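Hi everyone, thanks for coming. I'll take a few minutes to walk you through a structure that may be new to you.

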Amino acid sequence: MNCWHCNRPAHGTCIFCGRAVCREHAQEMPHIVALYADRKGSYKAIVTARALFCGSCEPREDPIELPELR
């Protein structure tokens, strides 16, 4: 698989969109791995702080409400 940006061999894929990227074009961004409710009913997230990001896709900055989780 080749890099989305330069067409050289890729070293990984973007966690958000799946595009392949080489080390030169790889970026990092936090990624939520899982959400869960604790015993008190508060929602918590397990986050990977430095997940691989291609720099081309547009993960949303603002949270999205999920009323169905209530």
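**A quick tour**

Let's start with His5, which is partly exposed, with a relative accessible area of 37%. Bear in mind that this is a predicted model. You'll find His5 in the segment before β1 (12-13). So what is His5 in contact with, leaving aside its neighbours within four places in sequence? Those contacts are Val21, His25, Cys54 and Ser56. Ile46 is another story, as it sits 41 residues along the chain from His5, and their C-alpha atoms are separated by 30 Å.

Okay, on to the rings. The structure holds one aromatic pair. It's made by Phe16 and Phe53, and it counts as edge-to-face because the planes are at 85°, with the ring centres 5.9 Å apart. Phe16 is in the loop between β1 and β2 (20-21) while Phe53 is in strand β4 (residues 43-53), so the pair ties together parts that are 37 residues apart in sequence. Are these two buried or exposed? Phe16 is partly exposed, at 29% relative accessibility, whereas Phe53 is buried, with a relative accessible area of 7%.

Last stop, the largest pocket. There's about 630 Å³ of space in there. Its lining has 18 residues, and Ile32, Arg60, Asp62, Pro63 and Ile64 lie nearest the centre. Which strand gives the most to that lining? That's β3 (residues 27-37), with five residues. By class, the lining has 12 nonpolar residues, five charged and one polar.

Technical notes. Residues numbered from 1 in each chain as written. Predicted model: local features only at pLDDT ≥ 70, side-chain atom pairs only at ≥ 80, totals over all residues. Heavy atoms only, no water. Helix = DSSP H or I, 4+ residues; strand = E, 2+ residues; numbered from the N terminus. Buried < 20%, exposed > 50% of the residue type's maximum accessible area, 1.4 Å probe, protein only. Contact = heavy atoms within 4.5 Å. 1 Å grid on protein atoms, 1.4 Å probe; cavity = no way out; pocket = protein on both sides within 12 Å on 5 of 7 lines; lining within 4 Å. Points joined across faces, edges and corners; volume = space filled by probe spheres on them. Nonpolar A, V, L, I, M, F, W, Y, C, P; charged D, E, K, R; others polar. Phe/Tyr/Trp six-rings, centres within 6.5 Å; stacked < 30°, edge-to-face > 60°.
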